[in-house]
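Below are some points on the model, set down in the order in which I would check them. Please read them with the structure open.

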Amino acid sequence: MRMKRSASAAVIVAALAGTAAVATATPAAAADYKCTSYGQSIDDPSYTGPWPDNWNVTVSVCAKRSGTTVYSYAKISWSGAERATVDDTSIFDNAYFKLQIKKSQSGTDPVKKSANFGAIEAKMENSNSSGDYKGSYTTGTISYRIGSGKGLGDGELHLNWNNDGAGDRTYGFKASPVV
């Protein structure tokens, strides 16, 4: 009887080992994010002088599915107009990137989860020693258990330009592919 238990245990351990190998291989295969990049030129409405003042901003919104959960993050890169002031912390009164996970459906895709990433303001107001405002910022990752439905990542940049009197302005970008 003791020998049968050992043989049975060996078969169970071997079966579990095979299952574990399959379980770890499946999420690894599904781990690839799908991304969409979109760029736009954004005018600095607080400046009306003769020099160029547009910010060229590119956002890549990425999403992946692992089982019933959708994950999303975004990478934002920019090139602002050169300024006389180095590291000008007064360019914005507020700035943040709102990352969203939406459920894909016919009509408007409802937001299921969102998060604001405000650390982008300090990054955008940071220049090199010549006053060039170029940089990038990657948000953290958010997740939402969407079940069997399809999901996607989306995002928008909120900028409150200093001295323009308009409050937050929202700049939309293209969503990730559906996952």
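1. Contact here means heavy atoms within 4.5 Å. By that criterion, and not counting residues up to four places away in sequence, Lys123 touches Trp78, Ser136 and Tyr137. Lys123 sits in helix α2; helices (H or I, at least four residues) and strands (E, at least two) are DSSP runs, numbered from the N terminus. Lys123 and Ala95 are 28 residues apart in sequence, with a C-alpha to C-alpha distance of 10.0 Å.

2. On the basis of the model: it is predicted, so local features need pLDDT of at least 70 and side-chain atom pairs count only at pLDDT 80 or more, whereas totals for chains, interfaces and linings use all residues. Residues are numbered from 1 along each chain as its sequence is written, and side-chain values use heavy atoms, with hydrogens and water left out.

3. Overall layout. The chain has 2 helices and 9 strands, and from the N terminus on the order is α-β-β-β-β-β-α-β-β-β-β. Among contacts with a separation of 6 or more, 68% are between residues 24 or more positions apart. Of the 179 residues, 34% are buried, where buried means under 20% relative accessible area, exposed over 50%, and partly exposed in between (1.4 Å probe, protein chains only). Lys123 from point 1 is partly exposed, at 44% relative accessibility.

4. The charged pair deserves a look. Asp154 lies in strand β8 (residues 151-161) and Lys102 in strand β4. Their side chains are joined by a polar contact of 2.8 Å; a polar contact is a pair of N or O atoms within 3.5 Å, and within protein one must be able to donate a hydrogen and the other to accept it, with residues adjacent in sequence counting only if both atoms are side-chain atoms. Are the two partners buried or exposed? Asp154 is buried, with a relative accessible area of 11%, and Lys102 is buried as well, at 15%. Leaving aside neighbours within four places in sequence, the contacts of Asp154 include Val61, Phe173 and Ala175, while those of Lys102 include Asp109, Ile146 and Leu152.

5. The largest nonpolar core holds 30 residues, of which Trp55, Val57, Ile76, Leu157 and Leu159 touch the most other members. Such a core is a set of buried Ala, Val, Leu, Ile, Met, Phe, Trp, Tyr and Cys residues joined through side-chain atoms within 4.5 Å. At least two residues of this core come from each of β2 (55-66), β3 (69-79), β4 (92-103), β5 (111-117), α2 (120-124) and β8. Beyond four places in sequence, Leu159 is in contact with residues including Ile42, Phe92, Met124 and Tyr171.

6. Backbone check. Most residues other than glycine have a negative phi. Which phi values does the model give for Asp87 and Asn163? Asp87 has a positive phi of about 50°, and Asn163 has a positive phi of about 65°; neither is a glycine. Asp87 lies in the loop between β3 and β4 and is partly exposed, at 37% relative accessibility. Asn163 is in the loop between β8 and β9 (169-172) and is exposed, with a relative accessible area of 69%.
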